Amino acid sequence: MVPEFVFNEFKKALQANGIEDTTKLRFEEPKNPEFGDYATSIALILSKELRKNPREIAYSIVEKLNFDNNLVEKVTIDGPGFINLKLTNYFYAQELERIYKTGEEFGKTNLGKGLRANVEYVSANPTGLLHLGHGRNACIGDSIANLYSWMGYDVTREYYFNNAGKQMTNLARSIYARYRQLLGETQFPFPEDGYFGDYIKDIAQELIEKYGNSLVPETSENLEICKKFGEEWCFDKIRKTLAKLKIFHDIFFNEDSLYRDKKIDEVVAIFREKGLAYEKDGALWLALTKLGLNEDRVIVKSTGEPTYRLPDIVYHREKFLRGYDLIIDIFGADHIATVPDVLAGIRALGYDDKRVKVVIHQFVTLMENGVQVKMSKRSGRSYTLDELIEEVGPDVVRFFFLMRSVSSHLEFDLNLAREHSEKNPVFYLQYAYARICSIFDTARDRDIEFDENTPTECLNLPQEINLIKLQRLFPEIIETSALKFEPQILADYLYDVAKAFHTFYHDCRIIGSPEPILSARFKLARVTQWILKNGLTILGVSAPERM
């Protein structure tokens with residue numbers, strides 16, 4: 001995060017050299033800290049345009065710079081024409097003062113003030129228990145919602161409750177078959193495309209406890225009872241599992257409302273009016289080729305049942321009608337093929353599909369001793385999200401699901417997850433936070449007070465300055481993580497902060513230091529405490545005061 005005064009001074013220097021277009025001015029942090037805090041290659045970029053040697057351009061820029069010596073220690077030219085800049089320790093001390101005065105909400109911005117965002121995540125069908133893929137989706141979505149809240153957006157967290165269609169019919173028939181089998185009809189046929197998980201037997205057993213054998217014979221009414229009972233059973237389990245991860249939604253949108261309220265029919269009528277829907281082979285097709293895609297798609301089968309593309313388009317129309325400025329969808333990689341079709345349908349209905357941001361996350365593989373694990377040792381079945389939470393704890397589950405890029409396949413290392421030491425990145429962060437809390441507890445117990453008005457210019461050790469450099473990045477990290485839809489960026493940053501603090505704590509005494517160093521270091525520790533707690537909270541991970 002380049003200080004504004006640096007950027008402005010370079011712009012003035014460029015303009016003094018007759019260069020009015022300063023849009024190409026960029027800064028980056030040199031890989032070698034010996035070169036300073038920031039570097040710009042603007043001289044190399046301009047050399048072709050100005051037909052001059054880049055070092056000559058660099059010198060002409062540098063001689064026009066007029067920095068306050070209290071803030072900038074030196075400006076150098078290196079290599080073919082890179083301009084490097086090193087800020088003073090005084091500048092960083094002032095940055096610590098600024099952050100400390102901002103208080104516990106340091107990192108919050110008004111970027112989204114007055115804007116409404118809808119984040120849809122999880123949205124698992126109520127036909128079974130949550131698996132690991134659902135868990136990654138849930139943690140990514142909830143953290144993205146938190147990030148946008150921190151940027152000032154009015155965020156709605158939404159779950160698309162897909163309780164219509166063939167999968168619900170299959171659920172009903174699966175439950176009914178197990179129900180009859182548990183009643184003693186062991187040869188009662190189980191549907192080929194049914195749900196084979198043992199949880200179906202659990203549902204059927206509870207059905208017997210409530211209804212006895214009154215659901216015999218098989219009728220449409222009895223199947224409807226099974227469907228409703230199974231849907232409620234599964235969704236109750238889903239909500240309880242999510243609650244363990246501190247994940248709660250504001251809205252549960254029922255898919256069947258799109259049919260009940262004739263919204264599906266409305267959209268089909270609009271497509272027909274626009275000449276985008278046509279019948280072929282008894283089915284209704286959407287003319288996606290007219291919308292720039294490679295092939296048309298069936299949106300209503302010959303049986304009269306809509307394909308999933310149609311209700312998805314209608315559902316997104318409903319989000320636009322509710323007035324959201326930003327619509328964020330969190331999907332697994334298995335949804336990637338349908339996204340262009342849904343966005344094209346949205347465009348065809350007259351909405352700006354650029355306001356829809358689709359985040360596709362990759363799959364999860366559970367690993368133990370370097371080998372993929374498919375079955376739970378406790379249950380002998382495929383791992384459920386519940387079992388993983390029970391085994392390693394909700395904090396570890398959330399952090400591990402977030403500590404790799406969303407677009408990367410995630411290998412969840414059970415050995416590392418079970419570690420209750422600083423080898424585990426979750427505990428490493430929590431140890432740093434708890435250590436800071438213990439510093440303030442000790443100071444309170446010893447009646448040690450620090451003066452908030454004490455200047456911090458006395459902080460000049462590399463361990464102190466490096467920590468301040470990281471602290472001032474926090475707002476930018478939140479913004480970048482949100483705009484890129486990558487909570488991993490925040491997770492990596494927090495690890496760097498914890499590492500820098502551990503180094504500072506080891507090398508620099510706080511309690512026992514003389515004034516003004518004592519008070520200045522207390523401020524440094526307090527800001528670190530705020531950042532770690534706020535960052536962990538955004539990721540949905542607890543910040544324990546003692547460990």
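This is a predicted model: local features need pLDDT of at least 70, side-chain atom pairs count only at pLDDT 80 or more; totals for chains, interfaces and linings use all residues.
1. Overall dimensions. The chain contains 20 helices and 14 strands, and its C-alpha trace spans about 90 × 65 × 40 Å along the principal axes. The accessible surface of the chain comes to about 25800 Å², and carbon and sulfur atoms account for 48% of that area.

2. Burial and contact range. Of the 547 residues in the chain, 53% count as buried. When contacts between residues at least 6 apart in sequence are considered, 72% of them join residues at least 24 apart.

3. The largest nonpolar core. This core comprises 124 residues, and the members with the most contacts inside it are F10, Y148, F401, F412 and Y493. The element that gives the most to this core is helix α20, residues 517-539, which supplies twelve residues.

4. Surroundings of Y148. If neighbours within four places in sequence are left aside, Y148 is in contact with Y153 and V155, with L326 and I328, and with A482, L483 and F485.

5. The three-stranded sheet. An open sheet is formed by three strands in the order β1-β3-β2, with antiparallel pairing. Its edge strands are β1 (38-40) and β2 (72-78), each of which pairs on one side only. On average, and with direction ignored, neighbouring strands of the sheet are turned by 20 degrees against each other.

6. Pairing of β2 with β3, and the helix across the sheet. Strand β3 (residues 82-87) runs antiparallel to β2 and is joined to it by six bridges; within this pairing, T76 has N84 in β3 as its bridge partner. Helix α1 (residues 4-16) lies across β1, β2 and β3, and runs at about 145 degrees to β3.

7. Leaving aside neighbours within four places in sequence, the residues in contact with T454 are E97, E515, P516, S519 and K523.

Definitions and conventions: Residues are numbered from 1 along each chain as its sequence is written. Side-chain values use heavy atoms; hydrogens and water are left out. A nonpolar core is a set of buried Ala, Val, Leu, Ile, Met, Phe, Trp, Tyr and Cys residues joined through side-chain atoms within 4.5 Å. Buried means under 20% relative accessible area, exposed over 50%, partly exposed in between (1.4 Å probe, protein chains only). Helices (H or I, at least four residues) and strands (E, at least two) are DSSP runs, numbered from the N terminus. Contact means heavy atoms within 4.5 Å. Two strands pair if DSSP finds at least two bridges between them. Axes are lines fitted to C-alpha atoms, for helices over the stretch in contact, and angles run from 0 to 180 degrees between N-to-C directions. Accessible areas come from the Shrake-Rupley method with a 1.4 Å probe; for residues, only the protein chains shown count as cover.
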